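Here is a short walk through one protein chain, written to be read with the model open beside it.

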Amino acid sequence: MSNSDLPAISVHKEEPRSMQMFTPREIVSELDRYIVGQNKAKRMVAIALRNRWRRQQVSPELRDEIAPKNIIMIGPTGCGKTEIARRLAKLAQAPFLKIEASKFTEVGYVGRDVDSMIRDLTEIAINMVKAEENEKVQVRAQQIAEERLLDLLLPPRPEERAQQQNREEPAGEDIERPTSATREKFRKLLREGKLDDRYVDLETSDSGMPFVQIFSQAGMEEMDMNLKDMFGSILPKKTKKRKVKVPEALVLLAQEEAQKLIDMDKVVKEALVRVQDTGIVFLDEIDKIAGRETGHSGPSVSREGVQRDLLPIVEGSTVTTKYGPVKTDHILFVAAGAFHVAKVSDLIPELQGRFPLRCELTALTKEDFVRILKEPKNSLTRQYIATMATEGVTLAFEDSAIDEMAGIAADVNQRSENIGARRLYTVMEVLLDDISFRAPELQGQSITIDAAYVREKLNEILKNEDLSRYIL
């Protein structure tokens, strides 16, 4: 049976909405579903995202001249800086990399080279495009995998195999094997799941290969990966036989066929375009490398030196990756930092100039915590309700309990280190510790958390300031 005659398998996939269809107002509205407050920052990133699409609409000769307006977000930890950037990238369906600026060191020292962030971003784009292509060929891969599985379930009889070997087939033509009633019967049984308990012998490729690891200085991060690729292409591929159940065999065969159907040259080409035109790099903790250290003798390993290494990447340069050269001229860089000790003005002037947009995020208050616990689509209360529902426990939170939790989180932030909304995670975990532990024994019960329950569980810890600092 030729591939063109394979029976159709109906699969419906919902197409995601592309970024060009979102107006800045719609982008802000979408961010509002997950992030409370920080409207100024939301507006700024919404405009930056819309500008990516606007740039694609202008004439090619002017398009290359339009540089992205990079952003610096200034605000205390836990106020939503990372979440804004992460949700923005998800909304844009763009390659997105979050990395701490403090991980980099000046070229020539042991540590990460700044170029590695572009290589990492390219790898993310490759995986993203590959996953999309995999979805497109999934139906075809399922069809071919089904035929291969039927061949395993219904191997030809010895006399048929001998006839097939002796038969001369014209070159360049596919001779279709007649489809027997037995084969169609097995196909029906396979689709109905009546063959799920059967085992088949499946030959799969063995991914085992010599382990090679290179410990090198900055700028050589890719050597390990390149050596593995080189050995993988030189050494013969090993296969091994496995006895697996029919459903697992179908999945493995479909994955194998999907890999064959994906055009990797097309994937790489598309991924490089996405990185260069829509890539987003989120540079967290940029305040940790702020400072010029002019009073120190010798090179500055982790501050001004790193800033000078970052400068050409942010300004626009070409980085060599294993997939080809990547231009960084139109990658959007969003930097963030608390800037408690250092100031933005402590960055070298050239780097400051490459981040023309600055936005100060406000510290979160008790009222913000109340909204965070109630309003977002992925709020902590919704998460815990859904988690407990898996154990058959119906959990509910009264407004008074939410108000009490928000007040406690705000109070602890004020008395000790202010870690913003992250304090709510700790408060909720301590509050629901007993219920989480006993959940399997509480199956079928409904539990309502009120203000009294919150005070009962947390007041003793709050009274002891040293204990509250340690636990909350």
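## The chain as a whole

Of the contacts in the protein chain with a separation of 6 or more, 79% are between residues 24 or more positions apart; contact here means heavy atoms within 4.5 Å. This is a predicted model, where local features need pLDDT of at least 70 and side-chain atom pairs count only at pLDDT 80 or more, while totals for chains, interfaces and linings use all residues. Residues are numbered from 1 along each chain as its sequence is written, and side-chain values use heavy atoms, with hydrogens and water left out.

The protein chain has 20 helices and 11 strands. These are DSSP runs numbered from the N terminus, with helices being H or I of at least four residues and strands E of at least two. Of the 472 residues in the protein chain, 40% are buried. Buried is under 20% relative accessible area, exposed is over 50% and partly exposed is in between, with a 1.4 Å probe and protein chains only.

Two packed helices are described by the angle between their axes and the distance between the axes. Axes are lines fitted to C-alpha atoms, for helices over the stretch in contact, and angles run from 0 to 180 degrees between N-to-C directions.

Take α2 (residues 39-57) against α4 (residues 81-92): the angle is about 30° and the axes are 11 Å apart. That makes α2 roughly parallel to α4; the label covers angles under 35 degrees, with over 145 roughly antiparallel, 65 to 115 roughly perpendicular and the rest oblique. The crossing of α2 and α4 is right-handed, meaning that the near helix is turned clockwise from the far one by less than a right angle, with anticlockwise being left-handed. Ala41, Val45 and Leu49 come from α2, and Ile84, Leu88 and Ala92 from α4. By class, this contact of α2 with α4 has six nonpolar, no polar and no charged residues. Nonpolar covers Ala, Val, Leu, Ile, Met, Phe, Trp, Tyr, Cys and Pro, charged covers Asp, Glu, Lys and Arg, and the others, Gly among them, are polar.

Now look at α1 against α4, with axes that come within 10 Å and cross at roughly 120°. That makes α1 oblique to α4, and the crossing is right-handed. On the α1 side you'll find Ile27, Glu30 and Leu31, and they meet Ile84, Arg87, Leu88 and Leu91 in α4. The contact of α1 with α4 splits into five nonpolar, no polar and two charged residues.

## The α16 and α17 pair

Further along, α16 (residues 399-415) and α17 (residues 422-431) pack at about 125°, with axes 9 Å apart. The two helices are therefore oblique to each other, in a right-handed crossing. From α16 come Met405, Ile408, Ala409, Val412 and Asn413, which meet Arg423, Leu424, Val427, Met428 and Leu431 of α17. That contact of α16 with α17 is made of eight nonpolar residues, one polar and one charged.

## Two buried loop residues

His330 sits in the loop between β7 (324-327) and β8 (332-337). With 11% relative accessibility, His330 counts as buried. Its side chain makes a polar contact of 3.2 Å with the side chain of Arg55. For a polar contact, a pair of N or O atoms lies within 3.5 Å; within protein, one must be able to donate a hydrogen and the other to accept it, and residues adjacent in sequence count only if both atoms are side-chain atoms. Beyond its neighbours within four places in sequence, His330 has contacts that include Arg52, Arg63, Asp64 and Gln276.

Asn70 belongs to the loop between α3 (60-63) and β1 (71-74), and at 1% relative accessibility Asn70 is buried. The Asn70 side chain reaches the backbone nitrogen of Phe333 at 2.9 Å. Leaving out residues up to four places away in sequence, Asn70 touches a set including Val314, Ile331, Arg354 and Pro356.

Which phi does Gln38 have? Gln38, not a glycine, has a positive phi of about 55°. Gln38 lies in the loop between α1 (24-32) and α2 and is buried at 9% relative accessibility. Glu285 is another residue other than glycine with a positive phi, near 55°. Glu285 is in the loop between β5 (280-284) and α12 (304-315) and is partly exposed, at 27% relative accessible area.

Last stop: Thr320, in strand β6 (residues 318-321), is exposed with a relative accessible area of 58%. Thr320 and Asp115 are 205 residues apart along the chain, yet their C-alpha atoms are separated by 8.4 Å.
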